[in-house]
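Good morning, colleagues. Please look at the structure on the screen.

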Amino acid sequence: LKPSEQQKQMVEGLSERAERVRNKMVNSSEDNMLCITNDGRKLALDQRLLNPLLPDSETGKVSACADNVYDIWKRTEADRSTQLVFCDLSTPKGDGSFNVYDDLKAKLIAKGIPESEIAFVHSAETESKKKELFGKVRSGQIRVLIGSTQKMGAGTNVQKKLIAEHHLDCPWRPADLQQREGRII
């Protein structure tokens, strides 16, 4: 992974914001370290989360994740092994705005993974739909399941064919990371 030129400039901007906050040059209702940290997390995931007009970064996390998921998908095709992708930031809103889920899905489809083998856990809005979705993952019908820690945490019984787990972002609490890892361990 390599930051784009835009990301490097934006990190400098975050640093300048932090310096202003540290020197009490800005009211905490205007800007604060929590906002700066959150913007940094977004920037580390995809620069378009801070500015949707920026171009995609070929060397960013989403592209690297797509490459990894595709390589594993191809290598385990005969066994129909499955993978989980965790991302708590930038979940799909259904309003056409940029989000990492749709971007990752588009990249996976462009690489050759059939759309029918990729699902968002967020699309299963009821317990019965969730149960059906998890059954499709266990059978290998859905081979890539993308979701947040909250939606794919406890009760996500999909490990039967699970071969890999990917973390696009890091959750705030260590227990959340442990919850994610629990899906495959």
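I shall begin with confidence and then turn to the salt bridges.

What we have here is a predicted model. The mean pLDDT of the protein is 92, and 99% of the residues reach at least 70. Confidence is highest in strand S2, residues 118-120, at 98, and lowest in helix H6, residues 174-181, where the mean is 73.

Arg22 bridges to Glu19, with 3.3 Å between the closest N and O atoms. Both residues belong to helix H1, three residues apart, or about one turn of the helix. Arg22 is exposed, at 53% relative accessibility, while Glu19 is partly exposed, at 36%.

In the second pair, Asp56 meets Lys107 at 2.9 Å, N to O. Asp56 lies in the loop between helices H2 and H3, and Lys107 in helix H4, so this bridge ties together parts that are 51 residues apart in sequence. Asp56 is partly exposed, at 31%, whereas Lys107 is buried, at 16%.

Arg143 sits in the loop between helix H5 and strand S3, and Glu117 in the loop between H4 and S2, so parts 26 residues apart in sequence are tied together. Arg143 is buried, at 0% relative accessibility, and Glu117 is buried as well, at 10%.

Finally, shared partners link Asp46, Arg48, Asp56, Asp103 and Lys107 into one salt-bridge network. Thank you.

Terms used. Residues numbered from 1 in each chain as written. Predicted model: local features only at pLDDT ≥ 70, side-chain atom pairs only at ≥ 80, totals over all residues. Heavy atoms only, no water. pLDDT = per-residue confidence, 0-100. Helix = DSSP H or I, 4+ residues; strand = E, 2+ residues; numbered from the N terminus. Salt bridge = Lys/Arg side-chain N within 4 Å of Asp/Glu carboxyl O. Buried < 20%, exposed > 50% of the residue type's maximum accessible area, 1.4 Å probe, protein only.
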